[in-house]
Amino acid sequence: MRNLSIGSLLIRPEAGAFLGMVFVFVFFAVFGGSTFTSFSGAASWLNVAANLGIIAIPIGFLMIAGELDLSIGAMVPAASMSMGIISGYYGLPILVGVGLTMLFAATFGWINGIIVVRTEVPSLIVTMGTLFSIAGLTLFLSIFLTDTTAVALNAPAWAKAVFGDFYFGSYQIIILWWLGMTAIYVYFLHFSPWGNWLYAMGGDKVSARNAGIPTNKLTIGMFMLSSLSAAFVGICQTILFNSAQVSSGMSFIFNTIISVVIGGVILTGGFGSVIGIFFGTITFAMVNQGIYFTDFDRNLSSLIVGIMLLIAVLMNNTFRQMALTHTSPKKKK
Amino acid sequence: MKLFTNMLKSTAVAAVVMTASVATAPAADIAVIAGSIEDGFFNLIKKGVDDATLVVEANGGSVNYLRTSNYDNFGPDLVQLINTAVSQNVDGIAIPVWVPESQVPALKAAAAKGIKIMIYNSGASIREEVSGINYFGSDEFVAGVAGGEYMAKNGAKNIICHIQSPGAVNLEARCKGVKEGAAKHGAISTNLPLPANLDQNVTATSEAIKAELLKDPTIDAVITLAAWASDAAAVAIKQAGGPDKVKLGTFDMSPAVLARIKDGTQSMAIDQQPYLQGFLATSMLAAHIDFGTELATDPVLTGPAIIDASNIDTALAGVKKGAR
Amino acid sequence: MSKNIKSNRKPVLELRNVNKSFGPIDVLHDISLKVHKGEVLCLLGDNGAGKSTLIKTLCGVHKPTSGTILMDGEEVNFPNPRSAADKGISTVHQFGGTFPLMSIGRSFFVGVEPTKNFGPIKIFDRKKANEIAVKAVQDFGITRIDDGDRLIGGLSGGERQSLAIARAVHFGARVLILDEPTAALGVKQASHVLRIVNEAKKRGLAVIFITHQVMHAMAVGDHFAVLIRGGIAADFKKGERSREEITDLMAGGETMADLEAEIQASIDE
């Protein structure tokens with residue numbers, strides 16, 4: 001049905017991300033030996049990708065719509081602490097912990113969205129504010145309630161099975177969640193009408209609104225989604241690692257944005273794909289974890305991460321240019 | 001509420017100090033400068049400072065607790081806090097010295113104005129240079145040696161020492177100590193520095209440690225330098241042979257660390273007892289200013305105290321009270 | 001010809017004594033305009049003459065401070081751009097498609113996506129969207145566009161304008177407001193767009209063509225209004241004024257000759 005020429009594949013937003021992923025995989029398969037590609041070695045980077053990917057896709061949505069959410073950086077540890085305090089310190093049932101934590105996350109996401117929509121202050125600034133607010137509130141509340149900044153949580157077996165356990169020896173259950181959510185997000189962005197609205201918003205918000213798209217509702221919804229996703233990862237981590245502590249969680253901000261950008265989403269919005277972000281996240285996880293399978297000096301790891309990322313992003317740029325200038329070959333010659 | 005009263009207190013202090021500086025100071029007004037608000041370790045220091053404050057206030061003095069907001073602009077931030085304290089005309093400053101190049105000149109200037117300096121947590125080596133009274137803290141290297149010895153004595157042969165923020169002098173010193181302590185009993189220790197973008201990222205750190213364990217099956221012990229990293233390592237060990245094959249030790253502690261020591265999945269935690277650092281630095285500084293007391297021991301090491309299965313229950317009691 | 005019939009009919013869109021001020025600043029005074037079905041009204045004016053305020057008033061972004069807007073002889077109010085669009089007023093901006101990184105099919109249907117159902121799940125019908133979009137624009141004579149998956153950003157300026165106009169027509173626009181459609185285009189591209197304007201007119205749309213390029217206006221216009229400092233300085237039909245006269249009018253009533261003399265004087269000083 002579709003013209004599946006190489007040209008038409010190359011103009012897809014995820015093409016660069018895919019080739020980047022293949023490149024990184026081959027690189028580490030060569031230098032990291034068979035452990036990197038082995039069943040348990042693959043779990044190493046897939047686990048990291050899953051934790052990152054669940055947040056990266058909603059961040060990608062926001063970026064496609066021309067927004068950004070830094071507050072996820074504080075949301076991950078905040079949710080982790082909330083979970084730890086409610087179900088660990090106070091010993092309430094896991095579901096109560098999950099429910100309340102998700103409720104907090106939804107509230108903060110909603111606050112982010114409302115402020116962005118009402119004030120038109122760039123979301124970078126707004127969420128930077130909420131980032132610190134959430135971090136401060138987490139610290140204050142955990143000391144106020146528990147007198148410490150770290151709590152332990154021993155989840156019952158069923159909760160571990162659902163949110164944080166290992167299968168086949170080393171595969172985290174969160175990988176399944178990640179795959180499921182990715183499938184739903186692919187539908188949302190590429191096959192549902194709402195996906196079109198997101199692209200339109202990223203292209204030109206005013207025109208999108210004039211075309212009848214409920215841009216405000218959609219923006220608020222996106223912020224709630226990113227906040228909830230961050231909270232979900234925080235919850236899973238707490239249940240898996242039996243522990244929660246106040247931390248800055250700043251690494252999540254950079255790591256998700258980097259994954260999204262490797263995935264082919266542009267910082268100015270309007271362009272990108274879920275599958276691209278999916279590949280981008282795997283690429284980033286492989287770059288980050290791959291080095292531990294190699295014999296490179298560990299002190300070089302940041303350098304290698306940096307260079308790999310630059311290569312990936314430059315590849316994306318090239319492919320986007322190709323997408324813009326590409327004219328499909330005449331179908332009937 | 002607490003914040004508000006603290007603010008009132010500090011403005012009141014400032015007012016008192018203004019008038020007091022003309023006459024002779026009735027009692028010690030001191031500033032305690034501390035690390036980031038996000039750093040859980042400093043909540044334990046603060047607990048010590050808070051308890052000492054009760055004593056200082058009973059003697060008519062005051063304590064102003066100043067923290068950096070984060071560690072991103074560390075040196076300049078600390079100098080700024082020193083200058084803030086100096087401008088408040090305090091009689092003494094208790095401070096950790098992490099960035100000697102930045103802090104030493106500022107502290108020298110403060111000392112030249114007659115302000116008494118007390119060093120805690122870090123900076124034993126420059127105490128004399130800034131005319132510090134004493135040092136309360138652990139020696140990272142000594143603590144590392146203790147950790148390495150402990151692991152080696154308990155049968156470890158090949159240790160990895162995880163560094164979450166490569167290049168940080170105190171962390172590198174810890175792992176250097178581990179290496180030395182291990183060597184004393186015929187074991188080796190290798191450093192595992194992870195890039196800073198994995199700092200506080202439990203999943204990625206866990207997977208990285210696991211990768212190391214899978215790559216080199218002779219590794220039989222892991223030492224981490226922070227409580228969260230120990231959580232990560234515990235999960236990695238569980239997948240790569242279990243706690244019977246790979247021992248786990250860590251610097252610092254958390255409820256989860258203690259729970260693991262209690263149930264036997266972690267060997268030990270090295271505690272530098274921050275409560276004592278905060279408590280002693282504050283109370284000894286005030287006593288020195290008020291009463292001229294001096295400790296004969298210098299430096300005063302508050303650690304390492306090793307927590308293992310033998311003393312876990314008393315440690316847990318201290319944690320409940322927010323002091324460990 | 002048909003002109004006589006037109007004057008007997010009610011105009012599709014009419015402005016009567018419309019004023020618009022922002023606080024103390026009067027931007028539009030006493031604007032009265034009419035545009036009929038199948039007619040191109042050219043709004044000429046220099047930068048700052050109030051053209052963009054007038055467009056925004058027509059398409060519901062601004063509300064007039066006083067005066068009335070009528071459609072088919074009946075008074076209408078546009079509380080927002082959406083309501084103007086619902087009544088069939090469609091605005092195409094200078095750069096046409098405003099979503100450069102969206103595909104032709106997707107951008108064509110922004111906000112009104114065609115869907116097909118798989119059980120309870122709604123799916124954006126990409127194939128249908130692409131087909132309709134490509135057909136709509138080809139009907140306007142732009143046969144170079146044949147792939148609905150191409151990105152808007154890859155089209156030429158003229159093609160984008162044509163696509164935007166085709167889109168407006170497809171969704172039942174009755175009044176087409178073209179805001180400087182030819183300003184950023186080369187000669188060949190501009191003639192493309194002008195041909196499409198003619199085509200839209202032939203299909204019975206009322207077109208309001210905003211420009212400061214007199215040549216382009218004269219090529220397609222039936223009716224002309226010159227806007228100076230927020231007021232209508234002249235209102236005339238095709239053939240009533242020469243190109244030079246119109247240019248002079250736009251320059252604020254001064255003749256080109258006066259202007260040249262003035263410039264010369266300032267150089268001589």
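Tutor: In α6(C), the residues C:Gly157, C:Gly158, C:Gln161, C:Ser162, C:Ile165 and C:Val169 meet C:Gln189, C:His192, C:Val193, C:Ile196 and C:Ala200 of α7(C). Contact means that the C-beta atoms of two residues, placed from the backbone, lie within 7 Å. Helices are DSSP runs (H or I, at least four residues), as are strands (E, at least two), numbered from the N terminus.

Student: How do the residues of that contact divide?

Tutor: The contact of α6(C) with α7(C) has 5 nonpolar, 6 polar and no charged residues. Nonpolar covers Ala, Val, Leu, Ile, Met, Phe, Trp, Tyr, Cys and Pro; charged covers Asp, Glu, Lys and Arg; the others, Gly among them, are polar.

Student: At what angle do α6 and α7 of chain C pack?

Tutor: About 15°, with the axes of α6 (residues 157-170) and α7 (residues 187-202) of chain C 8 Å apart. Axes are lines fitted to C-alpha atoms, for helices over the stretch in contact, and angles run from 0 to 180 degrees between N-to-C directions. So α6(C) is roughly parallel to α7(C), a term for angles under 35 degrees.

Student: Is this predicted or experimental, and how is it numbered?

Tutor: This is a predicted model, in which local features need pLDDT of at least 70 and side-chain atom pairs count only at pLDDT 80 or more, while totals for chains, interfaces and linings use all residues. Residues are numbered from 1 along each chain as its sequence is written, and chains are lettered from A and ligands numbered from 1 in the order in which they are written.

Student: What are the scores?

Tutor: The model has ipTM 0.74 and pTM 0.76. Chain C averages a pLDDT of 82, and 91% of its residues score at least 70; pLDDT is the predictor's confidence in each residue, from 0 to 100. Residues 1-7 of chain C have pLDDT below 50, and beyond near neighbours in sequence this stretch has 2 contacts in the model.

Student: Which pair of chains has the most contacts?

Tutor: Chains A and B, among the 2 pairs that touch. Chains B and C have no contact, and their closest C-alpha atoms lie 32 Å apart.

Student: And how many residues does the contact of chain C with chain A take?

Tutor: 21 from chain C and 22 from chain A. On the chain C side, α3 (81-86) and β8 (121-124) each supply at least two residues. That side divides into 10 nonpolar, 5 polar and 6 charged residues.

Methods:
Angles under 35 degrees count as roughly parallel, over 145 as roughly antiparallel, 65 to 115 as roughly perpendicular and the rest as oblique.
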